[in-house]
Amino acid sequence: MTRSTTADLPRQDTGPTIVMVGCDPHAPGGISTVIRLLLRGPLAERWPLEAMPTWVSGSHTRRVAVYLQTLGRLWVRARRGRLQAVHLHLAARGSFWRKWVISRLLHGSGVTVMVHIHDGTLPQWHAASPAWLQRLFRRLLEDSDAVIALSPAWVDQLRPLAPSARWRVVRNPVETQAERAHATPLSSSSKARQLLFLGRLRLDKGLDDLLVAARSLQAAHPHWHWMLAGDGDLDAVRRHIVEIGLAPSVTLTGWLDEQGKQHALATADVLVLPSHAEGQPLAVLEAMACGLPVVATQVGDIPELLACGAGRVVRVGDTQGLAQALHEVLDDLEAARSMGRLGRLYAEQHHAAQRVAAQVEAVYRE
């Protein structure tokens, strides 16, 4: 199904605009979700925002066409004085090159350029890159008017890559919502449990660790059910699940739209995210906002997010520790409910969409 890119998002054609440049806001993924929340929140009520995608779902030909269209539109806007600023949402690899070209296109035009870093794998990508590419990366950040990282810890980690950049902190936003109305999960002594994974379905990025842990728990907890939701290599994941004998206990949903994701969160008992690399994962924040306990790996900002008591943190690749943490969380209903309450409170206090909009607005006002 073809998705609209900008038609239903705030758009101002009467004067200079601020353009958010990145993934299609309707595409799967955390960056798309961040862009979508910023565009439909209070920030768009006070600033002339619109979105121009540099990446969309679909064929390579369609992606190239959309990117070239965005380049042309930005260049025309800048030439006509109708582009006030660009807010570039940056990840590693191809995303870097797409944003690099845009920054060079607008260099010297008087247009404000802000770079918003999201990708938890970016430090590893940078370290593995040749020196000339590292210099280009540094130049992109230090030529920009502001560089946004997701937390103070991220600023400390990324600052050596571009010491003279103008670093700012803007946390990821999440929509807070009413207490879950359902009564089955975590509300009785029933042994049935629903465990939810939200993310990219790739066996080499932590999903294999989850499946090892699931298999080790299968005999003791035959009523536990695992829902794996996200895009990725579903065929390979499905084959692996059948091979290890977990097919009756696992549901592969593919990518969920917003309604489907909210239903999955509302009916789950725990979110499990055994990633090998993360920044500030939206899946963890969304689970916390729903009052859901979390078991996740010690990467990116996850330890900071869960330090409030919202869940358990395990080492990357520690499948035994992962299984034990899940057992402990789901075996103690009162403790799990307490984790959910603490996570919800933290999400409301630090990551509510309105609070994050105010952080972005402070950067814009500079």
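Two strands count as paired if DSSP finds at least two bridges between them. I start with that rule, since the entries below are about a sheet. The model I am reading is predicted.

**Entry: strands 10 and 11**

I looked up strand 10 (residues 270-273) and strand 11 (residues 294-297) and found that they pair in the parallel sense over 3 bridges. Val272 has Val295 in strand 11 as its bridge partner.

**Entry: helices on the sheet**

I then asked which strands helix 11 (residues 282-289) touches. Helix 11 packs on the sheet and touches strand 7, strand 10 and strand 11. The direction of helix 11 makes about 170° with that of strand 10.

I wrote down the strand order as 9-8-7-10-11-12, an open sheet of 6 strands with parallel pairing. Which are the edge strands? They are strand 9 and strand 12 (311-314), each of which pairs on one side only. On average, neighbouring strands of this sheet are turned by 20° against each other, with direction ignored. Helix 10 (residues 258-267) also packs on the sheet, where it touches strand 7 and strand 8. Between the direction of helix 10 and that of strand 7 I noted an angle of about 140°.

**Entry: strand 8 and its neighbours**

I checked how covered strand 8 (residues 224-229) is, and 5 of its 6 residues are buried. Strand 8 pairs with strand 7 (residues 193-198) in the parallel sense over 6 bridges. Within that pairing, Trp226 of strand 8 stands opposite Leu195. I followed the chain here and noted that strand 7, helix 8 (residues 207-218) and strand 8 make a right-handed β-α-β unit.

Strand 8 also pairs with strand 9 (residues 250-254), in the parallel sense and over 4 bridges. Ala229 has Gly254 in strand 9 as its bridge partner. From strand 8 the chain crosses through helix 9 (residues 234-243) to strand 9, and this β-α-β crossover is right-handed as well.

**Entry: Gln194**

Gln194 lies in strand 7. Is Gln194 buried or exposed? Its relative accessibility is 17%, and buried means under 20%, so Gln194 counts as buried. Leaving out residues up to four places away in sequence, I listed what Gln194 touches: His225, Met227, Thr267, Ala268, Asp269 and Val270.

**Entry: Arg215**

I next took Arg215, which has its place in helix 8. Arg215 has a relative accessible area of 48%, and therefore it is partly exposed, the class between under 20% and over 50%. With neighbours within four places in sequence set aside, Arg215 is in contact with Ile244 and Leu246. Arg215 and Leu246 are 31 residues apart along the chain, while their C-alpha atoms are separated by 6.9 Å.

**Entry: cavities**

Rolling a probe the size of a water molecule over the atoms shows where empty space is left. How many cavities of 30 Å³ or more does a search of the whole structure find? The search finds 3. In the largest cavity lies about 90 Å³ of space. I noted that 12 residues line the largest cavity, and that the closest to its centre are Leu37, Glu175, Glu258, Gln262 and Glu286. Helix 1 (30-39), helix 10 and helix 11 each supply at least two residues of this lining.

Technical notes: Residues are numbered from 1 along each chain as its sequence is written. This is a predicted model: local features need pLDDT of at least 70, side-chain atom pairs count only at pLDDT 80 or more; totals for chains, interfaces and linings use all residues. Side-chain values use heavy atoms; hydrogens and water are left out. Buried means under 20% relative accessible area, exposed over 50%, partly exposed in between (1.4 Å probe, protein chains only). A crossover is right-handed if, with the strands pointing away from the viewer, the path from the first strand over the helix to the second runs clockwise. Contact means heavy atoms within 4.5 Å. Axes are lines fitted to C-alpha atoms, for helices over the stretch in contact, and angles run from 0 to 180 degrees between N-to-C directions. On a 1 Å grid over the protein atoms alone, a cavity is a set of points where a 1.4 Å probe fits but cannot get out, and a pocket is an open set with protein on both sides within 12 Å along at least five of seven lines; lining residues have an atom within 4 Å of a point. Grid points are joined across faces, edges and corners, and a volume is the space filled by probe spheres set on the points.
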